[in-house]
Amino acid sequence: MSLPLVVSRNEWLVARKALLAKEKEFTHQRDALSAERRRLPMVEIDKEYVFDGPDGKARLLDLFQGRRQLIVGHFMFDPSWDDGCPSCTAGADEMSNGHLEHLHARDTTFAYVSRAPLAKIEAYKARRGWTFPWYSSNGSDFNYDFHVTLDESVAPVEYNYRTKAEHEKAGTALYVEGEQPVEDPGRSCFLRVDDRVFHTYSVYARGLETIGGSYYMLDETALGRQEDWEEPKGRAESARAARPDFAVDEDTTT
């Protein structure tokens, strides 16, 4: 393993302060980016999406649960699957009741939406012990319109604001490859003004890793995320692929 250099406390402090200056600069850049995100225009939702939920049929407006904002996690769960996506599952594991309550305190609701039928969603949710709201969009255009279900027979393929050709050119074709329909992850934000609903933001791919925060906590450690793309190389005894499912090797215990 290639571990950090061993130095004196004074030498470490000099290096730490130099990094702190860069961290502060990044914090200011992040604040400016967040402000720019809030200045994005918005689009009114004029399609009447209908979801299946534990209390019956629900409109997009109903998913707000009376709050002003709604964040939808696009959870990958094809109707033919028995279980939800492992990576989406890892993210959902971190959506604690406390996390949800903090959002509620800021007049914001979080809910997951998947294409799987409600019975499969409810069964999987019960096995995982989750309490957040989770709706089925089966039979609606919702997943297709927000580009998390890709099917060329329904609409031109687009993911993370790139076409299929653009993904192939950028080396990110993994998001659009495979037998269609292809399920991809995403997160979308909506704002309610009286009974009108507006789409304000959607994020995909690595932009989703901010939920929960396990990755960001690992980023503060010497060994990092322990994935094969990270620098410096050799920090982890067995680097994992860049797959955010936090799977544990079969020969190890948790």
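Predicted model: local features only at pLDDT ≥ 70, side-chain atom pairs only at ≥ 80, totals over all residues.
**Entry 1**

Is Arg225 buried or exposed? I found it buried, because its relative accessible area is 7% and the cut-off for buried is under 20%. I then looked for a charged partner and came to Asp219: the two form a salt bridge, with the closest N and O atoms 2.8 Å apart. Asp219 itself is partly exposed, at 39% relative accessibility.

**Entry 2: other salt bridges**

I looked up the total next, and the count comes to 15 salt bridges. A reminder to myself: side chains of opposite charge can pair when their charged atoms come close. One of the pairs is Asp52 with Lys57, where the closest N and O atoms are 2.6 Å apart. Lys57 counts as exposed, at 63% relative accessibility. I also checked Asp62 and Arg59, whose side chains meet in a salt bridge at 3.2 Å, N to O. Asp62 is partly exposed at 32%, and Arg59 is partly exposed too, with a relative accessible area of 37%.

**Entry 3: the two sides of H5**

I turned to helix H5, residues 118-128. Which of its residues are buried? I listed Leu118, Ile121, Tyr124 and Lys125. They sit on the same side of H5, because they cover an arc of only 130° around the axis. This pattern made sense to me, because an α-helix has 3.6 residues a turn, so residues three or four places apart point the same way. On the other side of H5 I found Ala119, Ala126 and Arg127 exposed.

What covers the buried residues of H5? I noted that the cover includes strand E2 (50-53), helix H3 (86-93), strand E5 (108-114) and strand E6 (134-136). Just after H5, I saw that Gly129 takes a positive phi of about 75°.

**Entry 4: Ser114**

I went on to Ser114, which lies in strand E5. Ser114 is buried, with a relative accessible area of 0%. Where does its side chain reach? I traced it to the backbone oxygen of Phe75, at 2.8 Å. Leaving aside neighbours within four places in sequence, Ser114 has contacts that include Phe77, Ile121, Trp134 and Tyr135. Ile121 was already on my list of buried residues in H5.

**Entry 5: Ser238**

My last stop was Ser238, in the segment after helix H8 (214-218). Ser238 is partly exposed, with a relative accessible area of 42%. I also checked how far Ser238 is from His99: they are 139 residues apart in sequence and 32 Å apart in space, C-alpha to C-alpha.

Definitions and conventions:
Residues numbered from 1 in each chain as written. Heavy atoms only, no water. Buried < 20%, exposed > 50% of the residue type's maximum accessible area, 1.4 Å probe, protein only. Helix = DSSP H or I, 4+ residues; strand = E, 2+ residues; numbered from the N terminus. Arc of directions from axis to C-beta. Contact = heavy atoms within 4.5 Å. Polar contact = N/O pair within 3.5 Å; in protein donor to acceptor, adjacent residues only side chain to side chain. Salt bridge = Lys/Arg side-chain N within 4 Å of Asp/Glu carboxyl O.
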